[in-house]
Amino acid sequence: MRKFKYFLCGRALPFAISILLVSAAYLALSLWLPRALAPIALVERLFSFSAGVFVVCSHTFSESKTAKLLLLVLFPWTGAILCFLQRGRGELPAAALCATEALSLPRKIGEISRSLCGHGGCAFSDAEYFPTGRDAFEKMLADLKNARRSVRLEYYIIARGAFWNSVLAVLEQKAKAGVDVKVIYDDFGCSLTLPRDYHKQLASRGIKTQIYRPLRFPSTAAGARDHRKLTIIDDRIAYTGGINLADEYIGETVRFGHWKDTAVRVTGGLALECSALFCEHWNELGKGGKITPDPSSLPQGNAFGAAFADGAYGARTGAAVHAALIYGAARSLYLCTPYLAPDATLISALKAAAYAGLDVRVMIPHIPDKKAVFALTRFYARRLAAAGVRVREYTAGFLHAKSAVADGEHCVVSSYNFDFRSMYLQAECGVYVQSAALAEAMERDFLSVWETGTELTKARPSERFTGGLMRLIAPLV
């Protein structure tokens, strides 16, 4: 009921109405005017042709071009305008992978991160894995209570409830004590969970806030959202993973059965790099003053890791890091993702690993949160299974974890889904950690979930049709 209220009274409703009205108007024009006026038909064809040339010449991957060209055929006017408005999504930077081919996997990932997003490998003190949102919440709350200088939060979804209310109470207390508290949240992600003026409510509590890309029409980046999940405390402790600040992530609210998620807590240099990612994003938004991370009293460490991130559009660090992890695995690769719709390069990497005899396993949900996207996930899962990749579904509920572990040593925990939107469009972040102890914890959790999962079933005719249809527009959803 609260979400419905926010939809009616918030910023999502006028934005949605604007989209529908403009789309209806263009659809009417495309159906009526060409029949009524021959010159308009000529203009339509020239306009659509120019949009097609623009798409073909754009620097993006072939799957995205195919989806846009299909849109042009179906809706010449509307499709052409959307093609012009939507920027090209960068290809997987294969050159970065080739340039680091002779390096070990940790150094390769460090160089990829340094060259594409400016943050190379670094030493860190400790990394702790959380197999559930509840575990991460309890530790995070304790760390927030011990904050002395600064707290930084960046999340796609913040929803009022037990989770956020507990965090907010601590943030307000810390702000009153002089701690610098800053929050970034995505306007689309929070459009149904927070009221329109929530940033003003936070400001009244002493919490500085910036909203990522407020919903406006027209916008060339309405679909490019801030999907990051970051908590940084005193530039010394950082949390990232798949967990948003909402009750379903810690089991307070039940949606789609048990909500399986993961997170990681890192300290030392890796936490400082995560803080730098937040500061860069905060400064880019430009309405809260310039900030920089504070390296003073940084705890020493000798473990190796790398923080990596993507802004909306631009070089795609996350895709390159995941490709390097897959190609660099020598024995095993275990991957969790809620949405499985990778591009041809990542599919080829997973298939090649399976063909080479590696133990490649992928865990996906069994209970979907979005049925059309779930059909797409199963479509790709069956393609991978046919190539020897072992795929199972998490039957206890919805699997939202975004993690990968290779060879019992190399770990990635991030906000990236294994799909086009995360890899090539949205602002995302994550960490790579070389740690046998962390890998052991992640593998133990993965295998416990794997044993309770179910094998993929044979596709029904309706699933084949829906999956094939969604495949055509996968880069656009």
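## Terms and overview

Contact here means that heavy atoms lie within 4.5 Å. The structure is a predicted model, and the chain contains 17 helices and 19 strands. Of the 477 residues in the chain, 55% are buried, and among contacts between residues at least 6 apart in sequence, 82% join residues at least 24 apart.

The chain exposes about 19,600 Å², and carbon and sulfur atoms supply 60% of that area. One place on the surface where nonpolar side chains come together is a patch formed by Leu-27, Leu-31 and Phe-75, with about 270 Å² of accessible area together; of these residues, Leu-31 belongs to helix 2, which covers residues 12-36.

## Phe-278 in helix 11

Phe-278 is located in helix 11, residues 269-285, and it counts as buried because its relative accessibility is 0%. When its neighbours within four places in sequence are left aside, Phe-278 is in contact with Arg-152, Leu-153, Glu-154, Lys-182, Ile-184, Ile-232 and Ile-291.

## Helix 8 and its covered face

Helix 8 runs over residues 133-145, and its 13 residues reach 18 Å from the first C-alpha to the last, close to the 18 Å expected at 1.5 Å a residue. Its buried residues are Gly-133, Ala-136, Phe-137, Met-140, Leu-141, Asp-143 and Leu-144. Seen down the axis of helix 8, these buried residues fall within an arc of 160 degrees, and therefore they line one face of the helix.

The elements that cover the buried residues of helix 8 include strand 1 (121-130), strand 2 (150-155) and helix 9 (162-176), together with strand 5 (229-233), strand 6 (237-241) and strand 8 (263-268).

Val-412 lies in strand 16, residues 410-414, and it is buried because its relative accessible area is 1%. Its C-alpha atom is separated by 9.5 Å from that of Ala-306, a residue 106 positions away along the chain. Apart from neighbours within four places in sequence, Val-412 is in contact with Phe-308, Val-321, His-322, Leu-325, Lys-402, Ser-403, Ala-404, Val-431, Tyr-432 and Met-442.

Ser-403, one of the residues in contact with Val-412, is part of strand 15, residues 403-406. With a relative accessibility of 8%, Ser-403 likewise counts as buried. Beyond its neighbours within four places in sequence, Ser-403 is in contact with Thr-262, Tyr-334, Leu-335, Cys-336, Val-412, Val-413 and Met-442.

## Positive phi angles in two loops

Asp-235, although it is not a glycine, has a positive phi of about 60 degrees. It is situated in the loop between strand 5 and strand 6, and it counts as buried because its relative accessibility is 2%.

Phe-256 also has a positive phi, near 60 degrees, in a residue other than glycine. It is found in the loop between strand 6 and strand 7, the latter covering residues 258-260, and with 27% relative accessibility Phe-256 counts as partly exposed.

## Salt bridges

Side chains of opposite charge can pair when their charged atoms come close. The structure holds 22 salt bridges, and one of them joins Lys-260 to Asp-445, whose closest N and O atoms are 2.8 Å apart. This pair links distant parts of the chain, with Lys-260 in strand 7 and Asp-445 in helix 16 (residues 436-452), 185 residues apart. Lys-260 and Asp-445 are both buried.

In the salt bridge between Lys-370 and Asp-369, the closest N and O atoms are 3.0 Å apart. Lys-370 is partly exposed, with a relative accessible area of 43%, and Asp-369 is also partly exposed, at 22%. A further salt bridge forms between Arg-378 and Glu-393, where the closest N and O atoms are 2.7 Å apart. Because Arg-378 lies in helix 14 (residues 371-386) and Glu-393 in strand 13 (residues 390-394), the pair ties together parts that are 15 residues apart in sequence. Both Arg-378 and Glu-393 are buried.

Methods. Residues are numbered from 1 along each chain as its sequence is written. This is a predicted model: local features need pLDDT of at least 70, side-chain atom pairs count only at pLDDT 80 or more; totals for chains, interfaces and linings use all residues. Side-chain values use heavy atoms; hydrogens and water are left out. Helices (H or I, at least four residues) and strands (E, at least two) are DSSP runs, numbered from the N terminus. The expected span of a helix is 1.5 Å times one less than its number of residues. Buried means under 20% relative accessible area, exposed over 50%, partly exposed in between (1.4 Å probe, protein chains only). The arc is that of the directions from the helix axis to the C-beta atoms. Patches are made of residues with over 30% relative accessible area and no salt bridge: like charges are joined within 9 Å, nonpolar side chains (Val, Leu, Ile, Met, Phe, Trp, Tyr) within 5 Å. Accessible areas come from the Shrake-Rupley method with a 1.4 Å probe; for residues, only the protein chains shown count as cover. A salt bridge is a side-chain nitrogen of Lys or Arg within 4 Å of a carboxyl oxygen of Asp or Glu.
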